[in-house]
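Q: I have a model open and would like to go through it. Can you take a few questions?
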Amino acid sequence: MAHEDYKEMLEAQALSALDAAEVRVLEAHLQSCAECRSQLSDWEDAAAGLAFAALEATPLEPSPQVRARILEAVRTDTTTGSRAIEAADGHRLQAANVVALKQTLRWSPAQTWGAIAAGLICAALVASLFVLWKQNREARQELARLSGQVRDAQEQLARQREAIEIVAARGTRMTELAGTKVMPGAHAMLAYDKKGRAILMAKGLPPPPAGKAYQLWFIAGGRPMPGKVFTTDASGAGTLNDQVPAEALSAAVFAITLEPKDGMPAPTGAIYLSSLT
Amino acid sequence: MQPKQAQPADVDLLHAVARGDELALGSLYDRYRVILFGLLMRILNSREEAEDVLQEVLLQVWRRAADFDEQRGRPFTWLVTLARSRAIDRLRLLGARRRLVDSAAQNTPEEASDAVKNTLHSEQREIVQRALAELPEEQRRILILAYFDGLTQSEIAATTGTPLGTVKTRMRSGMIKLRKLLGKEMNILG
């Protein structure tokens with residue numbers, strides 16, 4: 001999916017209205033896209049504003065006991081409890097150290113051996129703790145890497161499923177786009193169903209230079225209508241899901257140009273591929 | 001209306017909560033109990049459930065205040081999102097029956113009377129309700145089904161018998177228009 005496709009999911013994500021599979025795909029993208037993260041935060045602000053629409057003309061109040069219950073729950077909360085205990089333990093440990101130093105002079109041999117044994121056990125525990133911590137960290141890194149791979153695979157699978165669905169639908173049209181003089185080795189197939197859901201599969205297109213992307217155009221009645229932008233991988237292959245505008249469904253020419261990476265409202269760059277050959 | 005300088009105070013309160021300051025949690029509660037409780041009541045339509053979830057939310061704020069990152073969002077949005085998400089979880093737990101009752105009840109929004117214009121949050125309430133009123137009915141309905149009933153786009157399509165593509169377009173247009181309408185007023189909205 002292209003960046004623009006993810007951008008169109010952000011409003012729904014702010015309302016948590018995406019399906020679980022879409023959320024996974026979007027979250028994978030958000031990890032690497034600061035622009036989308038920042039836009040999502042803006043949409044979340046707007047969505048949070050809706051909370052005010054819930055207020056009654058005379059706002060309702062929770063019962064007065066709720067406040068007391070919350071503060072009581074906080075006091076007995078285990079998370080906080082451990083915070084307090086940690087602090088208290090710190091003081092106690094310091095106190096214990098002071099006492100232990102004073103007592104050293106009066107230790108019996110049995111106590112000394114006991115202390116050495118305890119020291120050794122303690123050291124062994126620390127060492128095994130370290131090993132466990134290291135293993136845990138490695139396992140987490142591996143898990144994160146594998147999750148990334150699974151997400152990529154899921155995304156790819158979803159794209160392929162959609163492509164198959166479009167290609168297999170009744171009434172789907174297939175149009176071939178051939179490379180122009182600018183890129184004679186390029187070739188692409190555009191399949192689109194009756195509703196205009198389209199998938200473009202391109203080959204022989206080198207990855208676009210930095211700041212540039214390929215853009216699909218639908219030309220009907222001599223007027224080019226902008227499609228989405230896409231890029232290609234190192235092997236020169238790229239795919240794109242797009243929507244053919246209604247005006248272009250019955251008769252249209254398709255073309256691909258090189259444009260600035262966010263796409264243009266009208267073509268400005270050279271035509272690399274065209275269905276008119 | 002809240003003064004503009006209330007926002008840094010919210011951030012400070014959350015930092016204090018993260019350090020284990022119970023008084024700061026109490027202050028946050030006092031400041032947001034009405035808006036959060038109103039939201040929870042709207043979603044859950046039950047005082048008992050709403051109070052229970054409100055308590056859960058504040059306990060979660062207590063435990064997770066250290067996770068709040070002011071670079072990534074406003075305290076108000078963080079609190080409201082947390083509360084809404086808890087309430088939707090509870091709603092799903094309670095089952096669809098209650099949701100249907102809710103939807104029926106929600107179709108009759110009340111107008112603010114002059115007598116209560118000065119009550120807490122009345123200005124924000126008016127801004128948001130005015131913005132919602134400006135949306136086309138089909139867009140407003142979709143935003144409400146998503147936000148207050150916790151329905152996904154697919155669920156909205158199935159419930160209303162509208163094609164999924166149309167639901168997506170309407171949701172998007174509705175949000176774009178809502179943000180535009182709220183844009184100037186966002187600083188007042190928490």
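Q: Which residues form a nonpolar patch on the surface?
A: Trp113(A), Ile116(A) and Leu120(A), with about 380 Å² of accessible area together. This is a predicted model, where local features need pLDDT of at least 70, side-chain atom pairs count only at pLDDT 80 or more, and totals for chains, interfaces and linings use all residues. Residues are numbered from 1 along each chain as its sequence is written, and side-chain values use heavy atoms, without hydrogens and water.

Q: Where does Ile116(A) lie, in which helix?
A: In α7 of chain A, residues 109-168.

Q: Is Ile116(A) buried, partly exposed or exposed?
A: Partly exposed, with a relative accessible area of 42%; buried means under 20%, exposed over 50%, and partly exposed is in between (1.4 Å probe, protein chains only).

Q: Now the interface. How many residues of chain A are in contact with chain B?
A: 45 residues of chain A, against 64 of chain B, with contact meaning heavy atoms within 4.5 Å.

Q: What area do the two chains bury between them?
A: About 5,000 Å², 62% of it on carbon and sulfur atoms. On the chain A side, Leu15(A), Leu50(A) and Phe52(A) lose the most area to chain B, together 14% of what that side buries.

Q: How many salt bridges between chain A and chain B?
A: Six, a salt bridge being a side-chain nitrogen of Lys or Arg within 4 Å of a carboxyl oxygen of Asp or Glu. Glu22(A) forms one with Lys168(B), the closest N and O atoms being 3.2 Å apart.

Q: Which element gives the most to the side of chain A that touches chain B?
A: α4(A), with nine residues.

How values were computed:
Chains lettered and ligands numbered in written order. Patch = residues over 30% accessible without salt bridge, like charges linked within 9 Å, V, L, I, M, F, W, Y side chains within 5 Å. Areas by Shrake-Rupley, 256 points an atom, 1.4 Å probe, with all protein chains shown as cover. Helix = DSSP H or I, 4+ residues; strand = E, 2+ residues; numbered from the N terminus. Buried area = accessible area lost by both parts, 1.4 Å probe.
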